[in-house]
Amino acid sequence: MGIERREEARFCFCLFCLRFDHIRRRRRRQQRTVISSSCFKIPPIISVFVFMLLMSSPVFPATSAKKLRRDHHVFRPQEETNKMKLVKAHLMKINKPFVKSIQSPDGDTIDCVLRHHQPAFDHPKLKGTKPLDPPERPDGHDEGEISSENHQLWSLSGESCPEGTIPIRRTSEQDILRANSVKKFGQKIVRPVRRDTSSYGHEHAVGYVSGNKYYGAKASINVWAPRVTNRYEFSLSQMWLISGSFGHDLNTIEAGWQVSPELYGDNRPRFFTYWTNDAYQTTGCYNLLCSGFVQTNNRVAIGAAISPLSVYNGGQFDISLMIWKDPKHGNWWLEFGSGTLVGYWPASLFSHLRDHASMIQFGGEIVNSRSWGSHTSTQMGSGHFSGQGFGKASYIRNMQVVDWGNSLIPLSNFKILADHPNCYDIKGGANRVWGNYIYYGGPGKNPRCP
């Protein structure tokens, strides 16, 4: 708005003030002339015009009471100061002293932290302990697959962390400020966990087995870069090891890849882990953002971007993951890529998973915030439905479980479920090359998913 218009608005506003003052004084029968009343004969249409002009002016912006309350909250200096103190204290807690730092091409900073200084050993049950030696792999694991290959962007720099250290993605101030709160940073949104419907906007397309005791799982997960429409949503592909009553005592161990603008500040697919022993209420976190998971490897950074990615109707890329329970110590170990041991979740972190898993799941999950009053356009997998098949739809192949004898075996009584099949769907199959597999995913909002 121009300077002349603002001055005109202020002038007319003064006229209103004078008119009101004149009436008030007249009612009090004060016999003093303030100004000629002819100046105040303002038609109603002018009054409306001035009111609208004032409301659209930078001097008096049109703002709802709710917006005023929110702005008042945002700009409380003391509150902001206290929040920044909490942020800095949390950064000091999770960003450990490092012996070397590496700049990744995607902007991440990877810190090489001494293994015994990693966040895991802040946990009361792990203080004073040391990382364990690698366990025996399950029978049926192809030893010929083991190699030193790494499918993460930061490794393209040509640098690596020294022996005796682990690579940790450095958390920034902005990472924490994007979260709902400092306390909940790195944790999933609290929600009931069900697989027969969506919960709090979380939607799934999964294959699963249940009804037995499971001591691990393995699969190769196709990697894509699905579109996530806003920072409060995410899209992931993973496997879950689950035990408990699906109430507040639910235990899970999770690993896969995810796109999460809120957690990472970008839309790159990243290798991630998660754990909880109370249905996402207060325990557990993503990656190494809290104490718990013990990393033993100096080449894989949990939370770092994955490269290369699959291309629609072009080259396909997947990552192999295996999680299994060490028969000797009872801890749950994680293998990434072709035979690279990453670390383990100590059995002492869990209640039900201290013994075994009662369900294994493979598939995709998204968050649907319905921010525009309709279903989100956040994609799952490749963003295409399962029926499009290889090269177009996302897949998970060679799905297996580990039995009580520490052997990898095919799935039995395998079931599939999509809680919003018009938005994201799934289909399963089996063959000699891929074993048990699924195709899954979808575009989200479409004519059949309004």
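A disulfide is taken here as a pair of cysteine sulfur atoms within 2.5 Å. By this rule the count comes to 3 disulfides. The structure is a predicted model, in which local features need pLDDT of at least 70 and side-chain atom pairs count only at pLDDT 80 or more, whereas totals for chains, interfaces and linings use all residues. Residues are numbered from 1 along each chain as its sequence is written, and side-chain values use heavy atoms, with hydrogens and water left out.

With the bonded cysteines of the protein numbered in sequence order, the pairing reads 1-2, 3-4, 5-6. Cys423 and Cys449 are joined with an S to S distance of 2.0 Å. The torsion about their S-S bond is about 90°, so this disulfide is right-handed. The link connects distant parts of the chain, 26 residues apart: Cys423 lies in the loop between β16 (415–418) and β17 (425–431), and Cys449 in the segment after β18 (435–441). Strands (E, at least two residues) are DSSP runs, numbered from the N terminus. Both Cys423 and Cys449 are buried, where buried means under 20% relative accessible area, exposed over 50%, and partly exposed in between (1.4 Å probe, protein chains only).

A further disulfide joins Cys112 to Cys161, with an S to S distance of 2.1 Å. The link of Cys112 and Cys161 is left-handed, with -80° about the S-S bond. This pair also links distant parts of the chain, since Cys112 belongs to strand β2 (residues 109–114) and Cys161 to the loop between β2 and β3 (165–169), 49 residues apart. Cys112 has a relative accessible area of 0% and is therefore buried; Cys161, at 3%, is buried.

In the disulfide of Cys285 and Cys290, the sulfur atoms are 2.1 Å apart. The torsion about the S-S bond is about -85°, so the link of Cys285 and Cys290 is left-handed. Cys285 counts as buried because its relative accessibility is 1%, while Cys290, at 21%, counts as partly exposed.

Attention now turns to the nonpolar cores. A nonpolar core is a set of buried Ala, Val, Leu, Ile, Met, Phe, Trp, Tyr and Cys residues joined through side-chain atoms within 4.5 Å. The largest one has 78 residues, and those with the most contacts inside it are Ile323, Trp345, Ile360 and Phe362. Strand β13 (residues 357–367) gives the most to this core, with 6 residues. Leaving aside neighbours within four places in sequence, Ile360 is in contact (heavy atoms within 4.5 Å) with residues including Tyr208, Val209, Trp240, Leu241 and Val401.

Key
Helices (H or I, at least four residues) and strands (E, at least two) are DSSP runs, numbered from the N terminus.
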